[in-house]
Amino acid sequence: MKPFFLLFFILVFSGQSYIMLRTWQLLPAVPSVRITVVVLMATALILSILSVTHVIDACPMSVSRIAYEVGTSWLIIAIYLIIIFLTVDILRLSHIVSSTTFKSNLTQSVVLTISLTLIFFLAWYHYEHKKRVAINVSTTKVLNKPLRFVLVSDLHLGYHNTRKDLHRWLQLIKAEHPDAILIGGDLIDGSYRPVAVENMAEEFRHMDIPVFACLGNHDYYTGLDNDLRFCHRAGITVLRDSVASFEGITLIGRDDRTNPHRKSLHEIMAGVNPKSFLLELDHQPYHLEEAMNNGIDFEFAGHTHHGQVWPISWITDALYEKAFGAWQKGHTHYYISSGMGIWGAKFRIGTQSEYIVLSIINRK
């Protein structure tokens with residue numbers, strides 16, 4: 001992994017240096033203005049690095065929250081600045097625009113600032129408004145009754161997704177009157193501290209609705225003991241390479257791929273009645289053919305976030321067989337969710353934050 005992280009940091013610092021240089025050139029030739037803006041950019045980068053470590057856990061909660069929000073937001077803003085500056089540079093080299101474009105220009109500086117502010121305000125607004133996705137699956141298998149589940153993934157509870165956010169999300173879910181809630185991993189973002197300080201587990205206890213979950217990679221980053229402690233306090237049944245029976249159907253929860261010793265789906269299903277409706281939770285949507293080959297009726301996954309913002313969504317589309325949405329392979333139905341919560345900055349551009357209402361009924 002060391003070469004990967006080395007390459008990652010080289011790219012990050014190269015990108016940061018590029019946008020700082022281009023920003024310096026774009027701003028009016030007033031040293032105090034240029035220095036102030038570039039220093040703020042450098043500070044944001046430092047906060048970006050600190051936000052993905054546990055260093056901020058040692059700070060007061062309010063400071064940690066600001067550091068996380070600013071740092072992770074900067075990563076996304078920086079991507080868009082790189083795209084903008086690269087586009088202008090290409091146009092200049094192609095002699096499509098003047099060579100003086102984006103150089104010591106107050107008007108262009110103001111227009112760029114206002115445009116980015118508007119884009120990211122709308123991206124935040126879009127993230128805050130969750131999308132309800134309804135899916136109906138009919139089956140010839142015998143059900144005790146028609147069932148309704150609310151499926152969510154990637155809550156990423158932490159410094160940015162607070163107890164107030166969780167309360168609002170759970171109220172949306174409760175309004176669906178589900179038989180149970182199924183969570184496809186990444187309950188906690190990476191630090192147990194804000195989850196414990198705000199006692200977020202209590203929000204699930206107030207629901208009085210059965211909750212089942214599999215684990216995701218961020219649950220391991222949080223520390224498995226901490227994550228499982230949270231789930232126990234919240235009354236969440238964690239399925240780690242295990243199965244549970246609920247209202248006549250079989251729920252199968254995979255451990256996350258972070259665990260190199262996780263069992264195969266075939267091993268987990270030893271002794272499972274294939275005549276029951278089989279619903280699988282697996283955080284990362286790799287090897288989707290496994291579900292089809294093992295007779296799974298419905299698989300729910302998350303993890304990809306569908307890239308969170310465009311154009312990263314293009315990357316996830318290229319990396320995964322199916323990075324987002326409903327799909328069918330053989331007789332197996334799938335849904336890969338872009339997540340209800342989010343890692344880092346609360347921005348959605350070209351993607352959505354969502355919860356899925358799954359209705360399972362007998363085919364007539």
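**Nonpolar cores, salt bridges and annotated segments**

Phe 230 is in contact (heavy atoms within 4.5 Å) with Leu 157, Leu 187, Ile 188, Tyr 192, Val 195, Met 200, Ala 201, Phe 204 and Ile 236, residues up to four places away in sequence not being counted. The model is predicted: local features need pLDDT of at least 70, side-chain atom pairs count only at pLDDT 80 or more, and totals for chains, interfaces and linings use all residues. Residues are numbered from 1 along each chain as its sequence is written, and side-chain values use heavy atoms, with hydrogens and water left out.

A nonpolar core is a set of buried Ala, Val, Leu, Ile, Met, Phe, Trp, Tyr and Cys residues joined through side-chain atoms within 4.5 Å; buried means under 20% relative accessible area, exposed over 50%, and partly exposed in between (1.4 Å probe, protein chains only). The largest such core has 30 residues, of which Ile 183, Phe 204, Phe 230 and Ile 236 touch the most other members. Two or more residues each come from β2 (147-152), α5 (163-174), β3 (180-184), α6 (192-197), α7 (201-205), β4 (211-214), α9 (224-234) and β12 (354-362), where helices (H or I, at least four residues) and strands (E, at least two) are DSSP runs numbered from the N terminus. Helix α5 gives the most to this core, with four residues. Apart from it lies another core, of 25 residues, including Val 137, Ala 244, Leu 279 and Leu 281.

The structure holds 18 salt bridges, each defined as a side-chain nitrogen of Lys or Arg within 4 Å of a carboxyl oxygen of Asp or Glu. One of them joins the side chains of Glu 128 and Arg 168 at 2.6 Å, N to O; this pair links helix α4 to helix α5 across 40 residues. Glu 128 is buried, at 14% relative accessible area, whereas Arg 168 is partly exposed, at 31%. Helix α5 also contributes Arg 163, which links to Glu 202 in helix α7, 39 residues apart, with the closest N and O atoms 3.3 Å apart.

Helix α4 (residues 106-128) also contains Leu 118. UniProt, in an unreviewed entry, places the feature "transmembrane region" at residues 33-54, 66-86 and 106-125; such annotations may be inferred rather than shown by experiment, and their positions follow the numbering used here, with feature names shortened. Residues 106-125 are 100% helix and 0% strand, with end C-alpha atoms 28 Å apart. Residues 33-54 are 86% helix and 0% strand, with a corresponding separation of 33 Å.
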